[in-house]
Amino acid sequence: MQEPLFSLLDTALANRAELITQLAAEQTNTYRLFHGSIEGVPGLTIDRYNDLILIQTFHRALSIEQYAEIEAFYARTYPACALVYNDRSHGNSRVMNRLTEAEEIIAYEPRIAQELGVNYRIQGRHNGQDPWLFLDLRAGRRRVMQEAAGKSVLNLFAYTCGVGIAAAKAGARHVVNIDFAESSLLVGKDNAKLNDLPIRVRFVQSDAFAALNQLSGKGQATMVRGKRMPTFPKLEKQQFDLVMLDPPRFSKSPFGVVDLVNDYASVFKPALLSTAEGGTLICCNNVAQVSRDAWLDQLERSAAKAGRPISSMEWIKPDSDFPTSDGQHPLKIALLRV
């Protein structure tokens with residue numbers, strides 16, 4: 001018999017007590033409160049973003065009784081926080097549940113959350129489907145901040161530019177964020193304005209392949225096999241001291257295909273060639289079915305083939321608000337010295 005949801009939430013919060021204290025000391029008020037796949041309700045995640053608690057379901061919608069339990073629990077534990085529920089259990093993981101007029105006002109209200117002393121724009125709902133800050137990447141952003149001082153930083157598949165803003169806050173001398181979606185970069189620009197940054201951060205709306213082909217020195221043709229390529233911003237050849245590579249599971253464009261399961265090398269190689277000799281490349285793979293060791297073997301073979309062997313590597317593990325049953329996190333983050 002399944003344990004009552006109220007009790008599961010209470011256990012999850014108790015298990016995070018030490019981490020929440022640590023995060024508060026790091027000026028962080030955003031973290032995962034409940035990771036259902038491990039903590040008793042597969043497909044249910046609950047995240048705190050400062051004064052917002054975001055509830056999401058991916059397998060099946062909450063029943064009226066389940067939502068009432070969640071609402072009652074957090075009314076007791078975080079009475080100042082607003083709740084927003086996004087049911088994403090239908091096709092394409094899109095938010096499908098309707099809200100009342102009062103709930104919509106709460107869901108679309110612009111908010112600010114803080115992580116590692118960096119401010120980020122947050123909304124319970126917006127025109128996209130994913131939250132504007134992925135919390136399992138916190139450990140990666142923390143490490144970027146530890147590495148960034150005085151360095152040039154390239155943030156690929158930047159989304160809302162959290163890594164780039166964190167790097168600038170930590171003293172990077174030059175930061176470039178690259179993403180194809182204008183809407184994501186606009187949030188990134190808002191994030192930059194929310195922080196007292198010592199440098200002017202650059203935002204480039206571009207297909208990652210078109211950008212990397214230019215940065216790595218390969219160049220990007222305007223015609224490929226007789227077909228005209230979509231327009232793309234012109235970039236000079238440039239290598240960076242620190243490169244963050246966090247591609248989506250799969251995407252396809254006229255410039256190339258990103259496939260984290262079958263061909264990570266297609267995007268890894270140009271990112272590697274855009275990393276300065278002796279620099280650092282932080283790579284992410286969020287596909288659970290890809291084993292950590294097999295992925296690392298792909299990276300090592302690809303680097304050797306490109307003539308840029310990996311001199312050392314280390315794993316960056318997500319924080320404990322993303323528990324696992326076997327220590328193997330779906331999100332794998334590898335820091336490579338190249």
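**Close-up views of a predicted model**

**View 1. Helices α10 and α11.** Helix α10 (residues 265-273) packs against helix α11 (residues 292-305) at an angle of about 50°, and their axes lie 10 Å apart; axes are lines fitted to C-alpha atoms, for helices over the stretch in contact, with angles running from 0 to 180 degrees between N-to-C directions. That makes α10 oblique to α11, given that angles under 35 degrees count as roughly parallel, over 145 as roughly antiparallel, 65 to 115 as roughly perpendicular and the rest as oblique. The crossing of α10 and α11 is right-handed, the near helix being turned clockwise from the far one by less than a right angle. Ala265, Phe268, Lys269 and Leu272 of α10 meet Leu299, Ser302 and Ala303 of α11, where contact means heavy atoms within 4.5 Å. By class, this contact of α10 with α11 comprises five nonpolar, one polar and one charged residues; Ala, Val, Leu, Ile, Met, Phe, Trp, Tyr, Cys and Pro count as nonpolar, Asp, Glu, Lys and Arg as charged, and the others, Gly among them, as polar.

The model is predicted, so that local features need pLDDT of at least 70 and side-chain atom pairs count only at pLDDT 80 or more, whereas totals for chains, interfaces and linings use all residues. Residues are numbered from 1 along each chain as its sequence is written, and side-chain values use heavy atoms, with hydrogens and water left out.

**View 2. The four-stranded open sheet.** Four strands in the order β1-β2-β3-β4 form an open sheet with mixed pairing; helices (H or I, at least four residues) and strands (E, at least two) are DSSP runs, numbered from the N terminus, and two strands pair if DSSP finds at least two bridges between them. The edge strands, each pairing on one side only, are β1 (30-35) and β4 (82-87). Neighbouring strands of this sheet are turned by 20° against each other on average, direction ignored. β1 and strand β2 (residues 44-49) pair in the antiparallel sense over five bridges, with Arg32 standing opposite Asp47 in β2. Helix α1 (residues 5-15) packs on the sheet and touches β1 and β2, its direction making about 135° with that of β1.

View 3. Six of the six residues of β2 are buried, so the strand is largely enclosed by the rest of the structure; buried means under 20% relative accessible area, exposed over 50% and partly exposed in between, with a 1.4 Å probe and protein chains only. Both faces of β2 are covered, Leu44, Ile46 and Arg48 being buried on one side and Thr45, Asp47 and Tyr49 on the other. β2 and β3 pair in the antiparallel sense over six bridges, and Ile55 in β3 is the bridge partner of Ile46. The two strands β2 and β3 form a hairpin with two residues between them, and Asn50 in the turn has a positive phi of about 55°.

View 4. Within strand β15 (residues 275-285) lies Thr275, which is buried, with a relative accessible area of 0%. Not counting residues up to four places away in sequence, Thr275 touches Gln239, Phe240, Asp241, Val243, Thr280, Leu281, Arg308 and Val338.
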